Structure formats: structure tokens, C-alpha cells
Amino acid sequence: MSNYVFLVHDPSASRSVNAWLDRHAAASDVVRVRLGLRRRLIIVSKDARRSTRPGRFFRGTAIAPDHNALVFGVDGWLASPDAVRSSSGDHAGEYLAAEWGAQRLELERDVFGSARLMHTAAPGIAAASDSLLVLASLRRAVGARVTANAEVLVARTAKNAVAGQQISPETILNEVSYVPAARGLSLDVRGLRWSLTGAPVADRVASDGLDYVEVVRQGAADVARTVATLAAVPGWSATLSLSGGYDSRLVLAGIVATGTNDAYRVRIVDNGPASEADVRVANSLARQFDVAPTAFGAPLPADAEDEYSHWAANLLGVYDGYGPVRTARWHARTFGLTGIGAEIHKGNWGWRPLHALADTAAPGGAVHDALSAQLAKAADSVGAVPTAGNASELYYLGYRNGIHGAAGHIGVHMTGVHPVMQLRLAQLGHLPYEDGFRGSPAGIADHGILLAPEVAAHEYDDPRRNLSPGYVDERLAALGGRIGAVDGYEVHGHPDDVVDGPSMLSLSIARELGLHGPLNADHVMARAEDALGLISDPDVRQAYVDVRDNAAWRIAKQNGSLKAAGISPARISMLEILRLTT
């Protein structure tokens, strides 16, 4: 997101904190609030005053279907129904909401954790941020310890996406903790002690007593309401990244069902011969259902010197990918819709116990042991039973889903809207069914059938996915018939009110550490040897030598493409934070 830090300190830390801010922060990014006689709250975020009102801070976009509300920006938040604000950690979207007084500071974010949230405390200070780099830098500035967590570092070398992001409440730094999705934070201002708020993921998706047909109809209607609302936002346009599979097709079904075809454009990505069928089917969908291709002008050029700084300020240590390379939007005033979120219903890691997940990600040895220990801590944090068949998907919901879904843009803006990422779909997925759980691609197809059966029946990229007309008719009858006309949500605020861009604080910290330059394979791999030298534990270092070698092999295999090389390069890059260890 637009990087933020909420910092409460007592007078003993004032000199160090102020020197740190003077060194790195822009004055326009800082808001100071007195909390009683001996505590000061400092908020740092891009143009922080634009998101701050007395006793409140809000940045981002919130979707609250049960309250008929779509919220943009702080004034929209304050104008929304009381029930929206009193359940501030329960909504979809991507946002951070804060409230404070003399006794407590409360921080909530979207229920799926798209807005990252970490916290730390030391004598005289307590702070929360979405940036691991910022919290580590703050600790150094006030003379507090910063040490590497060897178990987490080893676990993060497992060679697949199970460990491709934050994997438990423990980060790669011992003194900084991560808050899993569905939870918020409360600070006892006097004691400078953090505690978690909100119900864990497992409680949020508890589905006993749900009626499948009733909830799938509600979920489909909510997809339609979202696309209808976005189509009518003044001054903004909307695009859909369309493929030949199930997930983005559900959003297209919502567009067709609401008759908003003229308000949308589709973006179809051609990745060469491997995506030939996908591209062919996506283009066929766009033609048949009369949604025009995008007609974007050329994006503004990125500043190559800021690319590595921007990544370090945002995703370093939290997500094994590089995210956006620029500090401004590619295309202004555009909602970019996708099918992201479907995995919270159909599952991403096979509906299995956590030990099976660990066995697949790291078969044996020290990496397996470290990953197993981390997954046990993750299970506890999300309320999962580690041996249950849905443990893998509760872990996915708690950690990868929100981080991964937002990583590509949230460092630049917080107006990303995922119509499919809604709690109802997650609850349906975890509904016990036969010998397992209800979540499957068929559930996503059911939603699309209810909205636009003709879209659901169109050819898919893989013939094995095709739905026969008879099957579509049968499911439509079983589900109670096509969803009728829907109304959009009541909109509070406007997306122009949501501040874009990272804070100067985070970028300055990254640059001071020498974390600047382009995000390309040559630059990343040239820094690899120095990064390895920052690891003091020989066993951990050897694990990352293997990661470095894997990264070099993948980059060569992908003809020098850093993006196509997968997760290994970013894992080497994340070691750069060890420059701040004490």
C-alpha cells in the first residue's frame, strides 16, 4: 500500500524518533497527535493529512455488501453507516482504518489482509507498519535490537509458493511480528503493549448451517453489484483482465448480467505459444459478449533508480516477488478487475493437512523441519486444526491470499477491487461436503451460471473444463434460476480521495541502505554475493547459497526475465534487510 507507520512513543524516545523522521520523512507525510501527558502518536504516510480526521485515519477502499456500502477515502468512511465503521475489520477491499484516544490505538484492515500489518515494541516505543524495512530502521534509530530469525529464514527456502510469502506471525526478524488476515491490533497506550483483535480466519469461515443455494445466490448477486457500482463511478473507467478459465469469467458474467458491457474494457495477455488456447478463448469471449479490448495509452516511464527502492520499501521480506516497479499508477483513474479471490472458495493447496503441505514443499531435512515448525505456528494463529483437511486452505487464507492478491499494485494505490474475493465464497468452500469440503472449481462455475449461463457455457481454454448446455441448464434449475436485476451499492466518497504512492520515509530508508537501481536480473544477481555475506549462521548461509544458485538457473532458463524466474531471486534480495541487524 502507500507505506504507513503508526508510532506511539514516550518522552524518552522523542529525540531519537524526531531525528529519524527529520532524516527520512517529508513534512507533508507526517501527522502528530498528543495522547495524554506522556504519549505522542505519529502517523507517517503519503500526504497523511488527506487521510486523517480528528481521532480517525482511513486509507483505501472498503466493500461491505451486508451494509450496501462501497467506501473510498476517509470522508467516505466517516459518511458510511455506523454499522460499517463499528465492524471495521469485517469488510472486503483493501484499506487501513485507525481510531485513537488517550487509552488505546486501534488498527483494523480489510478482512482478507490485503493491507499488510506488522508490529514491534521496544522501551519507549510501539509501532505498526506494512513495511518490514521501516520497522527495522525505526528499531535501529532508537537503539533497539534487530536480529535475524534463523527458523523463518530456513523455512522460506522451501522451493514453492507455500513459503513464498509471510508464513506465520514470525517474520525474518525476531523483534517484528506479522498479523494474519482477519485480525487487527490494539495498543495499550500507557503500557505500549500490542494485542490482537478480531476473530481468526477459521471462525470467519465457519460454515455450519449454511444453505449452499442461498449463499451461492448471495455471492453471485454481490459480484454483479460490485461490477455495476464500479461502472457508474464518475470520472473512472474499469478493465477486466480476462483469461479462458473459470475465475475472471465469473466477473465477465457479472458484467453481462448487469448490462455494463459498454463501461468495461478487457485486457488479454499473450504470453506466447503456451497461452495460445487461453488467448484464443478470451478473445472469443470478448467478441461474443461485446466487451472491447483496452485502448490504454503508453504508461509513464518508470524511474529505474527507484525500482529497487520501491520494492524494498514495500515487499522486502514479506512476499517473494517484486511487485510494481514504479511509484505511480500505470494508468490513472482505472479500476483493474481480475478473477483473484476464486482460490478462497475452490482451494489453492489441495484441501489437505499441513504436514502434507510441508512434505510437498520441502521433502525432508532442515528445511522441512523449519517449515513444519512455522506451519504449526501459522495454524495456531488462524485457528486451524493442523491435521484437518481444510488446514492448508485456512493457512492460505491467513497468509498468502491477501498478500499475493495485492502485491502487484498495493505499493502504488489502494483502489484495487476483487469482486470474487468475498467472505461468502470462502465460507461456501469450507462447507463440509461428502468426505471433504465443498470448495471446488464447480462452485465458481455455479456463481457464473446464476449470473449469465451463456457465458458459463462458452468454450474454455482446456476442453476438460467445458460445461455442456445440459449441465448448465441442470445447475441453473437446481440453484433456483438466473439472478435477476440487482442494484449497485451506495457509494461513500470517491476514489480520487484515496491517496496514491509510497511515503518518502520508506523510500529514503531504502536509498540510504544502498537499495536502489533497476529491478532486472543483472542488478539483482550482482547484489547476491554481498547479500549472502550478511548471514552470520553458516547453515542458513548455505541454504541461501542453494537459493542463489536456483535463482541463477531460473533466470538463465527464462532468458534473463526476472519476473518469469519465480520466487528465488526475491528471496536473495530479501536478505538485504540484514544490513540493519545488530
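Me: What is the bridge partner of Phe6 in β3?
Reply: The bridge partner is Ile43. This comes from a predicted model, in which local features need pLDDT of at least 70, side-chain atom pairs count only at pLDDT 80 or more, and totals for chains, interfaces and linings use all residues. Residues are numbered from 1 along each chain as its sequence is written, and side-chain values use heavy atoms, with hydrogens and water left out.

Me: What makes β1 and β3 a pair of strands?
Reply: Two strands pair if DSSP finds at least two bridges between them. Strand β1 (residues 4-9) and strand β3 (residues 39-45) are joined by six bridges, so they meet the definition. The two strands run antiparallel. Strands (E, at least two residues) and helices (H or I, at least four) are DSSP runs, numbered from the N terminus.

Me: Why are β2 and β11 called edge strands?
Reply: The open sheet of six strands has the order β2-β3-β1-β10-β9-β11. β2 (30-35) and β11 (177-178) each pair on one side only.

Me: How do you know that Asp66 and Arg424 form a salt bridge?
Reply: A salt bridge is a side-chain nitrogen of Lys or Arg within 4 Å of a carboxyl oxygen of Asp or Glu. The closest N and O atoms of Asp66 and Arg424 are 2.7 Å apart, so the pair qualifies.

Me: Why is Asp66 called exposed?
Reply: Buried means under 20% relative accessible area, exposed over 50%, and partly exposed in between (1.4 Å probe, protein chains only). Asp66 has 60%, so the word is exposed.

Me: What makes the contact of Glu106 with Arg104 a salt bridge?
Reply: The closest N and O atoms are 3.6 Å apart, so the distance falls within 4 Å. Glu106, at 26% relative accessibility, counts as partly exposed, and Arg104, at 33%, is also partly exposed.

Me: Which parts does the salt bridge of Arg511 and Asp306 tie together?
Reply: The side chains meet at 2.6 Å, N to O. Arg511 lies in helix α19 (residues 504-512) and Asp306 in helix α10 (residues 304-314), so the pair ties together parts that are 205 residues apart in sequence.

Me: How many residues of α4 are buried?
Reply: Eight of the ten residues in helix α4 (residues 132-141) are buried, including Leu132 and Arg139.
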